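Biologist: I'd like to learn how to read an annotated site in a model. Could you walk me through one?

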Amino acid sequence: MTTTISINGQRLWQSLMNLAQIGATPKGGNCRLALTALDGQGRDLVTGWMRDAGMTLRVDQVGNIFARRAGRNNDLPPVMTGSHIDTQPTGGKFDGCYGVLAGLEVMRSLNDHGVVTEAPLEVAIWTNEEGSRFLPVMMGSGVFAGKFPLEVALNARDHDGKSVADELAAIGYAGADPVGGRPVGAYFEAHIEQGPILEHEEKVVGVVTGSLGVRWYDVVVTGMEMHAGPTPMPIRRDALYATTFLLQSVIGIANDNQPHGRGTVGEIHAHPGSRNVIPGQVRFTVDLRHEDEATLTQMDARWLAACTEVAERHGVTVDVKQMQYFPPTPFDTDLVGKVRDGATRRGLAAMDIVTGAGHDAVYMASVTPTAMIFVPCKDGVSHNEIEDAKPADLEAGCNVLLDAMVARANHLGAPA
């Protein structure tokens, strides 16, 4: 059910560094936006390595790439791993790329040792996970999991008006395969944590038990612009002053729902933006998260109540639109157990952890048993050019991925 082999950590590291040369930035990171020419070059490099490893490749209509390593019984659904290789504009070398190349390294290492699994194995490269050029985020896995139609993805456009469909064709990855609709035996995703917990707790492996639910809102507070000098304080309808109470409410709601409550105001714009004009309108975003759906629902209700109360107290209007909702997603207990067993078997310091970020695994969990493996990143920094991880930690996580995938692939072929 398991293997006694280990991956080649040096080869994994070198693959990551070679990919990082495509779209390298002056500060040591990467800018390889989805479906740009650089993304095409990255895809060409990685798929070339996959073919060299004897894998067969298929590309679907949204550009997702699936590289398969045959098993003894290829009628069984594949055990899949993967992630993405598109980056943020000022991204790092490891976010997403580690999950793809860890999967490739598992296949290479199984080849090195002549190991054949019962079920076939696959490595996926998902299209436009970051959402930094096209929306929605996690596009390829979202269409695969049936979360939104293929047409929505293909018709999405960037700031220059270029469509996903046209850019897929331009880089040569407008595939012919239907998106989704086929069985997957299990899905694993290895990833840097993108947070500080593992490093702080001095753990090498995060056994990811699920993901936080997320509610995103766009908020517009409208008062009235007036001259800052002649207008007495008691009669002002200051949109920015009213907004300050809402900003504190977001943080207060999160702090009252620890340890998994999160609350963030990530973007704010005041109009008209003149030093001697009372702001008449403020637009801002709100991000609320929690691992428990009932608690997240309570946080939502409390947030909306705060908006109503502030509007009445300050004589402004508060318009709130929920822009996106990802429910909390528990991962499969059997797969989580296989990750935990792999870490224990390898003698690695591990802990259970919940992911606060969105990943392709969150969508995949709705169509197949899913689990994730986290490894530390330096100072918890990600989506930043200085993003970094230790080679030994990356190797350790990849070894756990190997053990978990082989155990699951052989379990699928075991007699009932």
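Modeller: Let's start with a side-chain pair. In this predicted model, the side chains of His 191 and Asp 95 make a polar contact at 3.1 Å.

Biologist: Where does UniProt place the feature "binding site"?

Modeller: The unreviewed entry puts it at His 84, Asp 95 and His 191. These residues are spread over 108 residues of sequence, yet they cluster in space, with a largest C-alpha distance of 10.2 Å. His 84, Asp 95 and His 191 also belong to the lining of the largest pocket.

Biologist: How do I read burial here? Is Asp 95 buried or exposed?

Modeller: The general idea is a cut-off: buried means under 20% relative accessible area. Asp 95 has 5%, so it counts as buried. His 191 is buried too, because its relative accessibility is 1%.

Biologist: And where is Asp 95 in the fold?

Modeller: Asp 95 sits in the loop between strand S3 (79-83) and helix H3 (97-112). His 191, for its part, is in strand S5, residues 186-192.

Biologist: What does Asp 95 touch, leaving out residues up to four places away in sequence?

Modeller: Its contacts include His 84 and His 191, along with Glu 130, Ser 382, His 383 and Glu 387.

Terms used:
Residues are numbered from 1 along each chain as its sequence is written. This is a predicted model: local features need pLDDT of at least 70, side-chain atom pairs count only at pLDDT 80 or more; totals for chains, interfaces and linings use all residues. Side-chain values use heavy atoms; hydrogens and water are left out. UniProt positions are given in the numbering used here, feature names are shortened, and annotations may be inferred rather than shown by experiment. On a 1 Å grid over the protein atoms alone, a cavity is a set of points where a 1.4 Å probe fits but cannot get out, and a pocket is an open set with protein on both sides within 12 Å along at least five of seven lines; lining residues have an atom within 4 Å of a point. Helices (H or I, at least four residues) and strands (E, at least two) are DSSP runs, numbered from the N terminus. Buried means under 20% relative accessible area, exposed over 50%, partly exposed in between (1.4 Å probe, protein chains only). Contact means heavy atoms within 4.5 Å. A polar contact is a pair of N or O atoms within 3.5 Å; within protein, one must be able to donate a hydrogen and the other to accept it, and residues adjacent in sequence count only if both atoms are side-chain atoms.
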